[in-house]
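My entries follow the model.

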Amino acid sequence: MTCNKRKNQEEEESSDSDESTRVASSFPDEVLERVLAQLNSHKDRSSVSLVCKDWYDAERWSRTHVFIGNCYSVSPEIVTRRFPNVRSVTLKGKPRFSDFNLVPPNWGAQIHSWLLVFAAKYSFLEELRLKRMSVSDESLEFLALAFPNFKALSLLSCDGFSTDGLAAIATHCKNLTELDIQENDIDDKSGCWLSCFPENFMSLEVLNFANLNNDVNFEALERLVSRCKSLRVLKVNKNITLEQLQRLLVHAPQLRELGTGSFLQELKACQYSDLKSAFHNCKNLNILSGLSEAAALFLPALYPACANLTFLNLSYTALQSGELADLLIHCPLLQRLWVLDTVEDKGLEAVGSNCPLLEELRVFPADPFEEDVVHGVTESGFLAVSYGCRRLHYVLYFCRQMTNAAVATIVQNCPDFTHFRLCIMNPHQPDYLTDEPMDEAFGAVVKTCTKLQRLAVSGLLTDLTFEYIGRYAKNLETLSVAFAGSSDWSMQCVLGGCPKLRKLEIRDCPFGNAALLSGLEKYESMRSLWMSGCKVTMNGCRLLAKEMPRLNVEVIKECESDDSQVDKVYVYRSVAGPRRDAPSFVLTL
């Protein structure tokens, strides 16, 4: 009787499923394409493509933007076959730990092979956004010439190119609306590239060259800014003086985002008055950054432009607590704030008092490698922010001391954290009041913050921290671990207990082969695993590659002995197979 009932139930469910598929398939193509056009999330579009074959085809033909989180997870040939009408591509290359010099130079992630395929299949390409990719001047010139409708180029943390490549973009991209060059390792040969924009060029909406070091041709820059009436983002380098900045603002009062140059120079009274007036006319400014070498004397010139600020990036400005407090009084709508730890706890108290709408806080170290630092922030400043900024859901906090009790109170005050990155800069640092491990701190985070997606842990941590993570962090997608854990059990808890985990980054932890191999059932659903400075051996990596042939297991090492420890291992899923451009120091198993 029970068997018949179960069989009937299964038949009903199958019938319902078939009916749902028929209903989904019955939409006219025009209607379906209009519906899909409303979906902006690549995750949502990927889910839609799994409904049925008709929806798969409709999503395939209507997709105009693709996001690729790892340039080796797929080939450009596969991408262009799958999505024939793409206009915009976002592509990431090297692992994130390349930001900390843990990935050797010439590791890979070259963009040129992608551009060759795109030129043949995506001649209508309009946007290219690259992060941690290697980009040559040859590639930039090819990009400028091969895509006549090209409009937007964003390079973040890329390397391999010079201002000659930027000159090619400026010369040949007649429809360019965005040139965003941020935090790249660039050969800054000269500032003449700005003069390569044609005199009749006026389409630019975003221009960012904040991390270039040399002087630019200011006359060419001023003419460019004056012509581009739709310019909404302008971020200049530190060589632009306050007097020059004032002249630019007169031409572009419509700016929504501004990155200033140096704020340290002598100004006459009339020049200061002109600068303040220029900022006063920037009624639409929402984002402000730059302010390198800011002088307290001239900061009040900013105040008239602060009323509508939602994001204030002071991460290049060693402000003192009083200077920050005076500035924040004029920023009632602030939602995002980046500062250096020179503001100290007093400055963070001002944040708690003046920024009730704050959602994101990042506190960076001014001297990350200096052990005897007299300034900095502690748990007191973090607590002050949590009491005054109850909407806080994203934090990156570098400090040299913390307590379990403080973190527990912080997450009680702000339980909606989605990103919690606490970086105690001294490895294996315990709770400085009780001398206990920091296990209960991160236990409180994962127990209280049920929406948590990204977590970075630090301090003296035992396996208990990772037991808490595996048991409670059910929405966690990215976990970064350094100098933590007692045994392989730590990693086993995480891999076995976090169903949504996509990226796991580990350095200098006592995790060996048992930890690595505990993720056999997990790795294919993740984007990547990075392990460096651990106790993994070549035999363990070979076994992983043998058991999971659809994963790329890459070892970065010098010694080839089977039983030697592996320096670095990078594991990622790929539908393209092993990469063909691996250098000699990368062994693909």
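The entries below go topic by topic.

**Ground rules.** I am working on a predicted model, where local features need pLDDT of at least 70, side-chain atom pairs count only at pLDDT 80 or more, and totals for chains, interfaces and linings use all residues. Residues are numbered from 1 along each chain as its sequence is written, and side-chain values use heavy atoms, with hydrogens and water left out.

**Helix pair.** I looked up H16 (residues 439–448) and H17 (residues 463–472). Their axes are 8 Å apart and the packing angle is about 5°. Axes here are lines fitted to C-alpha atoms, for helices over the stretch in contact, and angles run from 0 to 180 degrees between N-to-C directions. Helices are DSSP runs of H or I with at least four residues, strands are E runs of at least two, and both are numbered from the N terminus. H16 and H17 are therefore roughly parallel, a term for angles under 35 degrees.

I then listed the contacts (heavy atoms within 4.5 Å). H16 brings Asp439, Glu440, Phe442, Gly443, Val446 and Lys447; H17 brings Leu464, Thr465, Tyr468, Ile469 and Tyr472. These contact residues divide into 6 nonpolar, 2 polar and 3 charged. Ala, Val, Leu, Ile, Met, Phe, Trp, Tyr, Cys and Pro count as nonpolar, Asp, Glu, Lys and Arg as charged, and the others, Gly among them, as polar.

**Helix H6.** Which residues of H6 (residues 112–121) are buried? I found His112, Trp114, Leu115, Val117 and Phe118. Buried means under 20% relative accessible area, exposed over 50%, and partly exposed in between (1.4 Å probe, protein chains only). Their cover includes strands S1, S2 and S3 and helices H5 and H7.

**Cores.** A nonpolar core is a set of buried Ala, Val, Leu, Ile, Met, Phe, Trp, Tyr and Cys residues joined through side-chain atoms within 4.5 Å. The largest has 176 residues, and Trp193 is among those touching the most other members. Trp193 touches residues including Leu179, Leu207 and Phe209. Another core, of 6 residues, lies apart, with Leu32 and Cys52 among them.

**Cysteines.** I searched the whole structure and got 0 disulfides (cysteine sulfur pairs within 2.5 Å). The sulfur of Cys423 has its closest cysteine sulfur in Cys399, at 8.3 Å, too far for a bond. Cys52 is buried at 10% relative accessible area.

**Positive phi.** Most residues other than glycine have a negative phi. Glu344 has phi near 55° and lies in helix H13. Asp508 has a phi of about 55° and sits in the loop between S19 and H19. Glu344 is partly exposed at 29%; Asp508 is partly exposed, also at 29%.

Key
Parallel < 35°, antiparallel > 145°, perpendicular 65-115°, else oblique. Lists of a residue's contacts leave out its neighbours within four places in sequence.
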